[in-house]
Amino acid sequence: MSTESTARLARPGRTVRTVVSHVLLGLVALLFLAPVLYAVATALKPPGETFTSPPSLMGSELRWRNFADVFDYLPFQRFILNGLLVATVGTVVVLAASSLGAYAFARLRWRGREGLFVVFLATLMVPQEVLVVPMFILMQEFGWVNSFQALIFPWAFTAFGTFLLRQFFRGIPYELQEAATLDGCSPLRTFLSVMLPIARPALGVLAVFTFINYWNSFLWPLITVNDINSLGTVPVGLSLFFGQNGDHWHLVMAASVISLVPTLLLLIALQKHLVKGIAATGIAGR
Amino acid sequence: MAIQEIRRPARAGAPRPAGRDGGSPRKRERWYAYGFLSPGIIGLTVFTLFPVAMAVVMSLYDWPVFGERSFVGLDNFRYLLSGDPTFLVSVRNTFVFTALFLPLNVLLSLGLAFWISKSRWRGFFRVLFFVPAITPMVVNAVIWKLLYQPGGVIDHYAASWFGIDAPNFLADPGTAMLAVVAMSVWQGIGYNIIVFSAAIDELPQSVLEAAEIDGAVGIRKFLRVQLPLMSPAVFFVTTMTMITSMQVFTQTYILTKGGPGDSTVTMVQNVYENGFVSRDLGIAAAGAWILFAVILLITAVQFLAQRRWVHYEH
């Protein structure tokens with residue numbers, strides 16, 4: 001809080017206005033979150049009580065069993081484990097490939113560096129929709145249709161992470177690198193024990209957003225996974241569940257609530273870095 | 001701000017330490033660079049450059065998922081523009097979606113970002129509005145599908161508060177697109193609120209105070225001082241939001257499957273259905289190229305127009 005606003009609070013007119021503004025903002029925020037809260041409420045209602053007039057938040061009982069029943073209707077634990085596996089491995093690959101590449105672009109000297117970097121940047125413009133069609137053929141050629149590899153690798157080498165980390169590495173003082181080189185460190189040692197530790201905040205932000213992009217991805221799993229029951233991730237699994245149980249709203253909502261927990265936890269973990277992280281990366285939430 | 005970051009003139013090369021111009025360490029460094037870059041280069045070649053080249057070729061072929069392929073020239077494009085029953089409708093729907101979604105999203109997120117920035121609990125509110133932005137789109141859409149059901153919450157309050165006999169929102173061609181837009185705005189503003197918040201946090205206090213002393217307060221201060229100072233952020237948000245809204249797919253696919261009729265079929269859904277439902281990959285590739293061309297064109301116009309209204313300080 002700046003001194004300016006404390007001065008404002010001292011004046012009674014301002015105080016009233018601040019209180020009113022906060023109450024209104026609180027109401028707007030509550031209205032904004034109402035769909036999610038209503039989903040949680042519906043997930044706890046007994047079957048057949050989803051639609052009542054007037055609408056209510058509480059059914060005749062709080063039916064926690066719905067959350068267990070979801071797992072009987074569909075292999076939801078499978079979808080969650082698949083999603084975690086794909087997102088975790090994908091994130092590791094993205095971090096490894098892009099931090100190595102970013103270091104070479106930011107701190108090593110070699111011919112063709114700027115030219116190749118432009119090529120990297122240019123690939124960022126190509127939207128996923130252009131890539132999915134030939135990517136599907138590629139998966140056929142690799143024999144990867146309906147496999148975990150297909151869910152992980154095609155999107156693990158976008159230039160975005162390389163670009164982001166290159167910007168970060170360029171901000172690290174040269175003296176640190178020089179000192180390591182004088183101590184006899186090879187570029188690989190310098191990278192591993194000097195650059196990576198300093199870049200931890202940037203790596204963290206990239207990791208969280210990459211994980212979320214994998215976890216939320218829908219179009220590609222929809223195309224490349226035939227056997228949803230064994231290879232489905234949460235979004236395609238949920239959409240399948242939804243198609244089959246469209247009128248079991250209490251179960252569909254229970255599944256939805258379960259599906260939003262991991263990203264919600266990541267958001268809470270990330271909250272302090274949310275504004276800076278997004279300002280620096282310009283991604284996520286798409 | 002990301003834009004400024006990109007536009008900052010790049011330092012010319014890396015400053016080289018004195019006396020290390022010798023041949024062998026130099027060469028060693030080059031081989032290290034190639035080694036470091038090889039995963040990225042191989043991955044990008046296999047999974048981006050090669051597919052792009054292939055997408056060009058495929059768009060010129062009759063290319064079924066299984067069976068014989070044959071060269072057809074520009075026939076796929078011709079088919080989309082004159083024969084395909086949904087392509088042109090999907091283009092119109094995508095533009096309608098963007099025309100509604102983009103201004104609503106930008107105005108609401110800008111307004112909320114300013115409102116929130118005045119609060120002592122701004123950190124809390126920013127996280128709160130970000131919840132739908134980080135939640136899987138499928139989950140958001142499924143939740144809203146419940147809200148829109150006949151006899152559901154929105155239906156009930158439309159009737160009891162406003163006396164409107166609400167239509168079946170998702171099954172009425174007059175409201176389906178609006179319903180999709182409303183859900184998408186709800187989902188999308190959290191992200192833009194954060195981008196605007198970052199810009200608001202960085203507004204130079206000295207300039208704002210000078211403006212206030214000169215008598216610029218309230219709406220005048222906002223329009224004449226704060227907004228121009230934030231114009232790079234506004235430009236960034238409009239451009240990025242435009243690009244993502246032209247690629248809208250998941251919401252409509254879950255909420256309406258493109259219906260009723262084809263009133264909410266989007267360009268991406270058209271690509272998806274041509275490729276993976278009708279199994280004509282050549283036509284799907286052609287559709288994807290048209291989408292890309294449209295996005296590039298609008299982005300180019302935005303970049304040209306920015307010279308008139310975006311102010312880069314520093």
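The term pLDDT stands for the predictor's confidence in each residue, on a scale from 0 to 100. For chain A of this predicted model, the mean pLDDT is 85, and 92% of the residues reach 70 or more. In this model, local features need pLDDT of at least 70 and side-chain atom pairs count only at pLDDT 80 or more, while totals for chains, interfaces and linings use all residues. Residues are numbered from 1 along each chain as its sequence is written, with chains lettered from A and ligands numbered from 1 in the order in which they are written.

Chain A holds 16 helices and zero strands (DSSP runs numbered from the N terminus, with H or I over at least four residues for helices and E over at least two for strands). Over residues 1-9 of chain A the pLDDT falls below 50. Where pLDDT is low, the predicted coordinates should not be read in detail.

As for overall form, the C-alpha atoms of chain A fill a box of roughly 75 × 70 × 35 Å along the principal axes. Of the 286 residues in chain A, 43% are buried, meaning that 20 or more other C-beta atoms, placed from the backbone, lie within 10 Å of the residue's own.

Turning to the partner chain, 80 residues of chain B are in contact with 79 residues of chain A (C-beta atoms, placed from the backbone, within 7 Å). Helix α2 (residues 23-59) of chain B gives the most to the side of chain B that touches chain A, with 18 residues.

How values were computed
Two residues are in contact if their C-beta atoms, placed from the backbone, lie within 7 Å. A residue is buried if 20 or more other C-beta atoms lie within 10 Å of its own, exposed if 12 or fewer, and partly exposed in between; C-beta atoms are placed from the backbone.
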